[in-house]
Amino acid sequence: MLVRIRPEDAEIGMFVHGFDGSWFDHPFWRRNFRLETSEQLLRIRNSAIEALVIDRSRSVVADAASVSQDNGNASPVALIEDEPAPRRQPISFGPPPSTEREELRRRPGYGPECRRAKRAIERSKQAVATMFEDARLGRAVEARRMVPLARAIGQSIERDARALINLVRLKEKDEYTYLHSVAVAALMMNFGRHLGLEDPVIEDLGVAGLLHDVGKVAVAEDILNKPGGLSDGEMRSVRGHPLAGHRLLENSSGVPEAALEVCLRHHEKMDGAGYPGGLRGEALSLFARMGAICDVYDAVTSDRPYKRRWTPCEALTEMQGWDGHFDPALLDRFADSLGIYPVGTLVRLSTGELGIVMGSDGDAYENVVVRAFFDCETLMECEPRDRPIAPSAENPRIVGRDSPTFWRFPDWDATRLRVMAAKPA
Ligand SMILES: [Fe+2]
């Protein structure tokens, strides 16, 4: 039996099945585990999560009533997932305390984690550059050297995912290839954590990210950085990099299976139009699908010689529209893992409102504009109001994606169009 409880009602012995809200806000590397120490308890109670889901059957709590649905603070998950369901009352904690100093510390480039994240990024970039150089010289790739780097990236993400992921998006032209590998490693580990994968698998995904583009050593630098279109020959050369990389990794020792898979398959597409195998749908593994999403997301949110970077919101909106490229359900999970959503998505705000993602803020492109239009307390529509939401803001912030079906909007497509076309107050 799964029940949803508030963080302050968590107790030692409870088996945590998952967390509500953005992955960024939950304080643990894994989603499934038993609460065993007071330190874990403190981290949960001090976190920004809205609620956690407890598996009663796997919990060992002295007072079983504390995880019972009869407890006023717990609600069975089935009530939330099944249809038809009563309208959910939001769990109200009030805005978390926020001082100017705390706000500053949470911005990209500031905060206690940023210095450590910068060090992890720099070390990883250097190691990837050395690995590429070795590969260019025909030396075997020493995959085991990537393991401590993946571990450091994972630890940084565990402490504060936003710090490293925001920092690694900023790339200079000459370091793009190496930093792209570090970024894909971070996104893969972040994603794996959100999907509830085991720690060793997540570590392998980090190594996979660091190694996935090693085949680019077989492609001339000026082709990789060429603005504008490529000739057929140049295109063939670029398209050869997954196979070239896979061959390099096959001839090296200690390369995780996940890294071989991601290296070979990160340019495949769900409709079979990708390369090198033209594999489609079910033939593509979870790791291949994750790799395709993380690779493109980082590429389009980075400045390139031939195009300006897209904002995270723009990127996810565009990627959602590329029919046949990505696994759509997995792309949704990826957006959830970042706490960033495509235009048109229904989201719940920390203000107790529902809103629709409208796009990125023009001046500070990192901000997302959400048009709030529904009050979850009164269960009534309110005058549409645009709320610019900074990624570091505590309030208002996006709590998570929400379900139009759950809130029983009679015709969600029509409601969405009407709200998006409305003049905000
Ligand atoms: Fe690639």
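What follows is a short chat about a predicted model.

Colleague: What percentage of the 425 residues is buried?
Modeller: A residue is buried if 20 or more other C-beta atoms lie within 10 Å of its own, exposed if 12 or fewer, and partly exposed in between, with C-beta atoms placed from the backbone. Out of the 425 residues, the buried share is 40%.

Colleague: Is A335 buried or exposed?
Modeller: A335 lies in helix α14, residues 328-338. Because it has 24 C-beta neighbours inside 10 Å, A335 counts as buried.

Colleague: And which residues does A335 touch, beyond four places away in sequence?
Modeller: Contact here means C-beta atoms, placed from the backbone, within 7 Å. Leaving out residues up to four places away, the partners of A335 are L316, I340, Y341 and P342.

Colleague: Now V357: how far is its C-alpha from that of V343?
Modeller: V357 lies in strand β7, residues 353-360, and V343 is among its contacts. The two are 14 residues apart along the chain, and their C-alpha atoms are separated by 4.8 Å.

Colleague: Why does V357 count as buried?
Modeller: The count is taken around its C-beta. V357 is buried because the number of C-beta neighbours inside 10 Å is 25.

Colleague: How is α10 oriented relative to α11?
Modeller: Helix α10 (residues 241-250) packs on helix α11 (residues 257-265) at about 160°, with axes 7 Å apart. Axes are lines fitted to C-alpha atoms, for helices over the stretch in contact, and angles run from 0 to 180 degrees between N-to-C directions. Angles under 35 degrees count as roughly parallel, over 145 as roughly antiparallel, 65 to 115 as roughly perpendicular and the rest as oblique. So α10 and α11 are roughly antiparallel.

Colleague: Which residues of α11 make that contact?
Modeller: On the α10 side, P242, G245, H246, L249 and E250 take part. Facing them from α11 are A259, L260, C263 and L264.

Technical notes
Residues numbered from 1 in each chain as written. Predicted model: local features only at pLDDT ≥ 70, side-chain atom pairs only at ≥ 80, totals over all residues. Helix = DSSP H or I, 4+ residues; strand = E, 2+ residues; numbered from the N terminus. Contact = placed C-beta atoms within 7 Å.
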